[in-house]
Amino acid sequence: MAGLDSALAGVVLWIQDNLMVDTVRIERPVASEPVLDTATGRLTYPDPDLVYEGQGAVLTGGTPGGINALPSATLPWAEETTSSARLLTPLEAPIPARDDLVSVVAVHNPANTALIGRKWFVQDPGRASTVEVVRTTPLDMKQAPRTQAGS
């Protein structure tokens, strides 16, 4: 479908120029064991493998997050929340794998620096379609650990 690909070329450029205006990083956690740092007495984990760093965007999933359990201070576990989002990357970017970590490392708008440092889990590999202009990958935000009252 060379005709369709050429017709969509303008859409690809528009999305890259207007939506994918930030820099995203995709990292793959390394499965090797931690190593004891004898100087500090702490375990050090190997650095993750860099899968991609470049043009992209993280967009909210369009629906509010959800709670998978009823919150209660009397339960021995914390409720699990979901904060769905979508990662947009160029079709030339590598396909992320499930459980890769995505972060925003540079933003086009200085007012959006709160995105820097947040992390998202890749829920599934990038979606595939017979007609594509951008790679879309489903994400879930990695929640910050909660602190206990009084600690």
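This is a predicted model: local features need pLDDT of at least 70, side-chain atom pairs count only at pLDDT 80 or more; totals for chains, interfaces and linings use all residues.

Q: Fine. How many helices and strands does the protein have?
A: The secondary structure comes to one helix and 10 strands. Along the sequence the pattern reads α-β-β-β-β-β-β-β-β-β-β.

Q: And what share of the residues is buried?
A: The protein has 151 residues, and 24% of them count as buried. Its accessible surface comes to about 10,100 Å², with 56% of that belonging to carbon and sulfur atoms.

Q: What about contacts between residues 24 or more positions apart?
A: Those account for 62% of the contacts in the protein with a separation of 6 or more.

Q: OK, strands. How do S1 and S4 pair?
A: Strand S1 (residues 22-28) and strand S4 (residues 49-60) run antiparallel, with seven bridges between them. Arg25 is opposite Glu53 in S4, for instance.

Q: In what sense do S1 and S8 pair?
A: Antiparallel too, over five bridges. There, Glu27 has Leu101 in S8 as its bridge partner.

Q: Switching to the helix: where does Gln16 lie?
A: Gln16 is in helix H1, which covers residues 2-18.

Q: Is Gln16 buried or exposed, and why?
A: Gln16 counts as buried because its relative accessible area is 17%, and the cut-off for buried is under 20%.

Q: Which residues does Gln16 contact, apart from its neighbours within four places in sequence?
A: Gln16 is in contact with Val21, Gln55, Pro90 and Glu92.

Q: How accessible is Asp99?
A: Asp99 is partly exposed, with 44% relative accessibility.

Q: Where does Ile95 sit, then?
A: Ile95 is in the loop between S7 and S8.

Q: And which residues does Ile95 touch, not counting those up to four places away in sequence?
A: Ile95 touches Arg28, Pro125, Gly126 and Arg135.

Q: How far apart are Ile95 and Arg135?
A: In sequence, Ile95 and Arg135 are 40 residues apart, while in space their C-alpha atoms are 8.3 Å apart.

Note on methods. Residues are numbered from 1 along each chain as its sequence is written. Side-chain values use heavy atoms; hydrogens and water are left out. Helices (H or I, at least four residues) and strands (E, at least two) are DSSP runs, numbered from the N terminus. Buried means under 20% relative accessible area, exposed over 50%, partly exposed in between (1.4 Å probe, protein chains only). Contact means heavy atoms within 4.5 Å. Accessible areas come from the Shrake-Rupley method with a 1.4 Å probe; for residues, only the protein chains shown count as cover. Two strands pair if DSSP finds at least two bridges between them.
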